[in-house]
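Open the model in your viewer and keep the selection tool at hand. Each stop below gives something to select, then says what is there.

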Amino acid sequence: MIDGTYVKMMSRYCVWQNAAHLSAMAALSDDALEAERGGFFGSLFKTANHLLWADRIWLSRFAGTPKPVQPSITLSIEETVDRAAFEVARREVDAAILAWGEQVTDADLVCDLTWFSGALGREVTKPTALCVMHFFNHQTHHRGQMHAMLTAAGVKTEDTDLFVMPGV
């Protein structure tokens with residue numbers, strides 16, 4: 001399915017893309033970040049907060065890092081209170097993702113992961129490799145929404161193609 005090399009590469013991609021989004025978001029005022037833009041979570045800031053929240057919840061399951069501040073998906077859009085807090089948290093979580101991704105081995109991916117899913121309201125057990133693939137897919141999904149909102153707001157964004165990532 002996937003291996004440790006994939007996890008290392010996708011962890012680097014995640015951090016690279018999140019840095020690009022932080023840079024692009026810096027071009028917007030706080031009001032522009034909070035403006036309703038038709039995304040699933042509404043604004044760029046709410047979408048960015050949801051993604052940060054989701055990264056925290058999955059990383060807590062994979063690596064035992066702290067869980068998100070907010071207790072549910074519904075409240076995930078309030079994971080941080082302002083741009084400054086978001087930027088600090090995003091960089092901290094990205095460092096944790098990179099550190100985790102660098103130490104994942106093929107053997108780590110062939111077991112099952114069990115957790116309580118707030119979304120489903122029950123305990124779930126799934127293959128770890130599937131959960132890791134979901135983790136990266138979920139990031140790409142919401143970063144794509146953010147990319148579209150940034151572009152619609154008139155912000156020049158960086159390339160998102162994996163093969164363009166430095167070092168690939």
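Select helix 1 to begin: with 4 residues, helix 1 supplies the largest share of the lining of the largest cavity. The model you are looking at is predicted. How many cavities of 30 Å³ or more are there? The count is 1. About 70 Å³ of space lies inside.

By class, the cavity lining splits into 6 nonpolar, 2 polar and 2 charged residues.

**Along helix 1**

Stay on helix 1 and go to its N-terminal end. D3 caps the helix there. A side-chain oxygen of D3 lies 3.2 Å from the backbone nitrogen of T5. Next, check the length of the helix.

Is W16 buried or exposed? W16 counts as buried because its relative accessibility is 18%, and the cut-off for buried is under 20%. W16 and M165 are 149 residues apart in sequence, yet their C-alpha atoms are 7.5 Å apart in space. Leaving aside neighbours within four places in sequence, W16 is in contact with E158, D159, D161, V164, M165 and P166.

**Across to helix 4**

Select D94, found in helix 4. Its relative accessibility is 6%, so D94 counts as buried. Beyond neighbours within four places in sequence, D94 is in contact with C14, V15 and N18.

**The largest pocket**

Move to the largest pocket, which holds about 590 Å³ of space. Its lining has 24 residues. Select the ones that lie nearest its centre: W53, I57, R61, I73 and G118.

Which element gives the most to this lining? Helix 3 does, with 7 residues. Helix 3, strand 1 (112-117) and helix 5 each supply at least two residues. The pocket lining divides into 13 nonpolar, 8 polar and 3 charged residues.

**Into the loop**

From W53, go on to Q70, which touches W53, L75, S76, E78 and E79, not counting residues up to four places away in sequence. Where is Q70? It lies in the loop between helix 3 and helix 4. With a relative accessibility of 18%, Q70 counts as buried. Show the backbone of E78 too. Its backbone oxygen lies 3.2 Å from a polar atom of the side chain of Q70.

**Last stop: helix 5**

Select helix 5, which has 25 residues. From first C-alpha to last, helix 5 reaches 36 Å, close to the 36 Å expected at 1.5 Å a residue. Then step just past helix 5 to G154. G154 takes a positive phi of about 90°.

Key. Residues numbered from 1 in each chain as written. Predicted model: local features only at pLDDT ≥ 70, side-chain atom pairs only at ≥ 80, totals over all residues. Heavy atoms only, no water. 1 Å grid on protein atoms, 1.4 Å probe; cavity = no way out; pocket = protein on both sides within 12 Å on 5 of 7 lines; lining within 4 Å. Points joined across faces, edges and corners; volume = space filled by probe spheres on them. Nonpolar A, V, L, I, M, F, W, Y, C, P; charged D, E, K, R; others polar. Expected span 1.5 Å × (residues − 1). Buried < 20%, exposed > 50% of the residue type's maximum accessible area, 1.4 Å probe, protein only. Polar contact = N/O pair within 3.5 Å; in protein donor to acceptor, adjacent residues only side chain to side chain. Contact = heavy atoms within 4.5 Å.
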